[in-house]
Each structure stands twice: as C-alpha cells, then as structure tokens.
Amino acid sequence: MFKNTLKIARIKNRSMLPTLSNGDLVLATKLKHPKIGGIVFIKNPNNPKTLMVKRLLGLEGDELKLQNGLLIRNGIRVNESYLFGDSMFSEEKEFCWSIKPNHCLVLSDNRLAEYNSIDSRNFGQISVELIVACVIVKLYPSLQKIEVAN
C-alpha cells in the first residue's frame with residue numbers, strides 16, 4: 001500500500017477510462033487533501049487489502065443524485081466531460097445520496113454496464129478514512145495533468 005508520501009502506481013483496470021487506462025503509471029501522494037473531482041486511491045470497502053482508483057464526487061453534507069446518467073450535486077448538474085463513451089446516458093437506475101459526516105462518494109469515469117465498474121453505486125458512500133492517496137499526474141504513457149471536475 002502507500003507507506004511513503006509519494007508513490008508511483010500502475011493502473012490495473014478500465015474503470016477510469018478514458019482518463020486512466022489499464023497499464024498507465026500515475027504519481028500519487030498522501031499529503032494532498034482530496035478535492036471534489038480529483039482522482040483518489042481508496043481501500044476497497046469489500047476487501048480492504050486491495051486498492052481501487054476512483055473519482056471523488058461528494059463530501060460530507062453534499063446531496064447527490066445520479067439520474068438518467070447525469071450527476072447532480074447540491075442541485076447543480078456536474079459537468080463530467082471526462083466520462084467514457086456514452087457513460088453519461090447509460091445509467092438506467094436512479095441513485096440518491098446524502099453524504100454523512102466523515103464520508104464521501106466515489107464514482108468511476110467508465111460507467112458502462114459491460115465494464116462492471118464497482119463504485120458508490122454498488123457499495124454506497126464510504127468513510128473518508130478509506131482514502132489512501134490522491135493522484136497528482138499521469139506519468140506514462142504520456143505526462144498529463146489529471147482533470148478535476150467542478
């Protein structure tokens with residue numbers, strides 16, 4: 001896991017397409033405070049010995065709704081230009097979350113059903129203590145600053 005302040009990590013799935021691809025290398029830090037829209041490594045709530053990479057989209061006190069593939073935070077639609085393919089319109093179920101104290105909401109950039117991405121749609125909001133590190137930059141295959149949603 002993340003024992004050092006900075007860590008280079010390899011992405012091992014496709015849940016964050018197109019932002020991060022299988023095999024990409026990223027630089028992550030434990031020092032940076034997670035921001036809404038940032039990408040974080042979390043302990044898998046169902047298996048804390050494994051890590052997942054997700055986008056942080058809600059913090060304590062936020063009201064979120066995922067309806068017809070559109071994410072609404074505190075009554076305002078979130079511009080999710082980073083979503084993969086038709087992920088924005090592929091969600092048939094509606095989800096609503098009122099984020100509890102010391103909790104957060106994380107979602108995949110790739111929400112297409114055929115990729116079976118696991119995120120807060122499956123396990124709900126999680127304790128902020130499960131956040132291990134924040135991704136700063138993608139190092140490989142090309143240096144790229146990570147987009148943060150507003």
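The side chains of Asp24 and Lys138 meet in a salt bridge with an N to O distance of 3.5 Å, where a salt bridge is a side-chain nitrogen of Lys or Arg within 4 Å of a carboxyl oxygen of Asp or Glu. Asp24 lies in the loop between β1 (6–10) and β2 (25–29) and Lys138 in strand β11 (residues 131–140), so the pair ties together parts that are 114 residues apart in sequence. Asp24 is buried at a relative accessible area of 5%, and Lys138, at 7% relative accessibility, also counts as buried; the term buried means under 20% relative accessible area, exposed means over 50%, and partly exposed lies in between (1.4 Å probe, protein chains only).

This is a predicted model, in which local features need pLDDT of at least 70 and side-chain atom pairs count only at pLDDT 80 or more, while totals for chains, interfaces and linings use all residues. Residues are numbered from 1 along each chain as its sequence is written, and side-chain values use heavy atoms, with hydrogens and water left out.

The count of salt bridges comes to 4, and the table lists three of these pairs, including the one described above.

| Asp24 | Lys138 | 3.5 Å |

In the remaining tabulated pair, Asp119 is buried with a relative accessible area of 0%, and Arg121 is buried with a relative accessible area of 16%.

Turning to the fold, the secondary structure of the protein chain comes to 2 helices and 12 strands, where helices (H or I, at least four residues) and strands (E, at least two) are DSSP runs numbered from the N terminus. Read along the sequence, these elements follow the pattern β-β-β-β-β-β-β-α-β-β-α-β-β-β.

A set of 4 strands forms an open sheet in the order β7-β6-β5-β8, with antiparallel pairing. β7 (76–77) and β8 (95–98) stand at the edges, each with a single partner strand, so one side of each is left without a neighbour in the sheet. Strand β6 (residues 70–73) is joined to β7 by 2 bridges, and Ile72 stands opposite Arg77 in β7.

For the chain as a whole, buried residues make up 47% of the 150 residues. Among contacts (heavy atoms within 4.5 Å) with a separation of 6 or more, residues 24 or more positions apart account for 62%. The protein chain exposes about 8100 Å², of which carbon and sulfur atoms supply 50%, with accessible areas coming from the Shrake-Rupley method with a 1.4 Å probe.

Key. Two strands pair if DSSP finds at least two bridges between them.
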